Amino acid sequence: MAIYFDSAATTQLDDKVIEAMYECMKDNYGNPSSTHSFGRKAKNTLETCRREIAAYFGASPSEITFTSCGTEADNLAIKCAVEELGVTRIISTEIEHKAVLSMIKNIAAIHSVEVNYVNVNEDGQVDLNHLEELLEKSDQKTLVSLMHANNEIGTLIPIKKVGDLCKSYKAYFHSDTVQTVGHFPLNFEEMGVHFAACAAHKIHGPKGIGFAYINKSITPKSMIIGGGQERGLRAGTENLIGICGLHKALSLSYSNLETDKKHISGLREYMKSELTSYFGDQIRINGCEENSLYTVLSVSFPNNDNNSLLLFKLDMKGIGLSGGSACNSGADQGSHVIRGIYPNASDYIPLRFSFCKNNTKEEVDFCLEALKELVEIKVTA
Ligand code: PLP
């Protein structure tokens with residue numbers, strides 16, 4: 001049995017995405033910047049993809065800049081805010097993805113940017129009163145960077161409320177939407193974001209392609225210097241094969257959204273209720289149940305010598321999942337998100353089950369049996 005429960009890290013390519021990319025690879029090899037017919041054909045495909053991708057998010061094509069991944073889109077937003085918009089203060093949380101956290105730390109050190117962290121509760125919910133207090137405190141040019149959904153514990157922020165707050169305090173708003181693009185209908189303008197991010201590989205698209213949404217009120221200068229691609233913002237011949245894959249992945253996600261959501265939510269609910277009824281209060285369901293990604297179920301098991309090897313033992317049974325973010329898998333300090341929400345984080349071993357449309361109830365059952373066999377719990381008298 002090979003079971004993949006790590007779709008928040010990355011997903012398997014959809015066959016229809018492979019077909020779309022293959023077609024582009026074979027027949028559409030011109031450089032979109034060339035003026036001959038091969039180039040014009042490629043340019044036409046590029047701009048059609050951009051226009052149709054923008055439409056999913058109520059955006060105009062010029063607001064979509066293709067990037068190599070989600071990290072690049074997040075980095076670009078923060079860099080643009082500080083280096084071009086003159087932001088001198090960033091408000092964020094300690095539980096952002098490292099694509100944001102590390103960039104903030106890096107840029108703050110270079111440009112003497114003040115960084116304030118908003119409080120989050122044990123469910124990973126942002127304290128909106130604290131956010132408002134921070135916004136009120138100073139009239140410095142500010143960027144608020146809060147992820148739409150936490151990739152480790154699944155908690156969603158009330159994005160429209162945050163957008164409205166930012167608007168009333170004239171702050172720029174960046175939201176890392178990497179885990180929500182393709183899983184929720186999103187309208188960036190209505191959400192009040194100036195910057196958002198997407199990575200195709202989270203939604204059965206290819207690795208190596210994503211986009212940054214940059215609101216039309218902002219006209220950033222070159223981030224990668226060279227030719228005039230991406231309206232001069234990001235030089236380099238466009239990854240048209242990847243863009244076709246991203247376009248197809250988004251079109252599949254949004255046309256099957258309700259069916260896939262129902263299926264995935266059902267698996268998540270089933271796993272959660274089975275785990276809770278078997279392990280009871282020995283385990284902890286992380287995140288905020290009322291406001292969560294339906295793709296992610298984060299569960300903490302008691303930390304002991306046996307359970308610390310759980311991921312490895314599940315892997316031996318053919319079940320692939322992560323403790324948290326795949327990007328931190330090599331790090332030995334555990335999850336910064338779990339540390340950021342629980343004072344006694346080291347008492348727990350977090351496992352993140354993240355599901356996709358291809359998972360089945362049989363796979364969940366197999367995993368549940370494996371957990372019942374492998375997890376060591378305290379026996380209560
Ligand atoms: N932001 C979030 C919330 C993520 O989950 C990820 C990927 O794990 C990223 C950013 C980075 O995306 P990428 O791996 O495409 O650079």
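Which residue's side chain is joined to the side chain of Asn-286 by a polar contact of 2.9 Å?

Modeller: That partner is Ser-300: the two side chains are joined by a polar contact of 2.9 Å. A polar contact here is a pair of N or O atoms within 3.5 Å; within protein, one must be able to donate a hydrogen and the other to accept it, and residues adjacent in sequence count only if both atoms are side-chain atoms. Before going on, a word on the ground rules: this is a predicted model, where local features need pLDDT of at least 70 and side-chain atom pairs count only at pLDDT 80 or more, while totals for chains, interfaces and linings use all residues. Residues are numbered from 1 along each chain as its sequence is written, and side-chain values use heavy atoms, with hydrogens and water left out.

Back to Asn-286. Its side chain also makes a polar contact of 2.5 Å with the side chain of Tyr-342. You'll find Asn-286 in the loop that runs between β9 (284–285) and β10 (296–302). Strands (E, at least two residues) and helices (H or I, at least four) are DSSP runs, numbered from the N terminus. Asn-286 counts as buried because its relative accessibility is 2%; buried means under 20% relative accessible area, exposed over 50%, and partly exposed in between, using a 1.4 Å probe and protein chains only. Neighbours within four places in sequence aside, Asn-286 is in contact (heavy atoms within 4.5 Å) with Ile-153, Ser-298, Val-299, Ser-300, Ile-338, Tyr-342 and Pro-350.

The strands come next. β9, β10 and β12 form an open, antiparallel sheet in the order β9-β10-β12. The edges belong to β9 and β12, each with a single partner strand, so one side of each has no neighbour in the sheet. Two strands pair if DSSP finds at least two bridges between them; β10 and β12 have seven, in the antiparallel sense. You can follow that pairing by eye: Phe-301 has Ile-349 of β12 as its bridge partner, and Val-296 stands opposite Ser-354, also in β12. Strand β12 covers residues 348–354, and six of its seven residues are buried.

Ser-112 sits in the loop between α4 (98–111) and β4 (114–117), and Lys-170 in the loop between α6 (159–168) and β6 (172–175). Most residues other than glycine have a negative phi. Ser-112, though, has a positive phi near 50°, and Lys-170 a positive one of about 55°. Ser-112 is exposed because its relative accessible area is 65%, and Lys-170 is exposed too, at 74%.

Helix α6 takes us to an open space. The second largest pocket holds about 370 Å³. Of its 18 lining residues, those closest to the centre are Gly-163, Lys-167, Ala-171, Gly-192 and His-194. The elements giving two or more residues to this lining are α6 and α7 (188–191), and α6 gives the most, with five. On a 1 Å grid over the protein atoms alone, a pocket is an open set of points with protein on both sides within 12 Å along at least five of seven lines, a cavity is a set where a 1.4 Å probe fits but cannot get out, and lining residues have an atom within 4 Å of a point. Grid points are joined across faces, edges and corners, and a volume is the space filled by probe spheres set on the points.

As for cavities, the structure holds two of 30 Å³ or more. The largest has a volume of about 180 Å³, and 20 residues line it, with His-183, Ile-203, His-204, Ile-264 and Lys-357 closest to its centre. Helices α8 (240–255) and α9 (257–279) each supply at least two residues of that lining.

One more stop: His-130, in helix α5 (residues 128–137). His-130 is buried because its relative accessible area is 15%. Beyond its neighbours within four places in sequence, His-130 is in contact with Tyr-117, Val-118 and Asn-119. From His-130 to Val-120 is ten residues in sequence and 9.2 Å in space, C-alpha to C-alpha.
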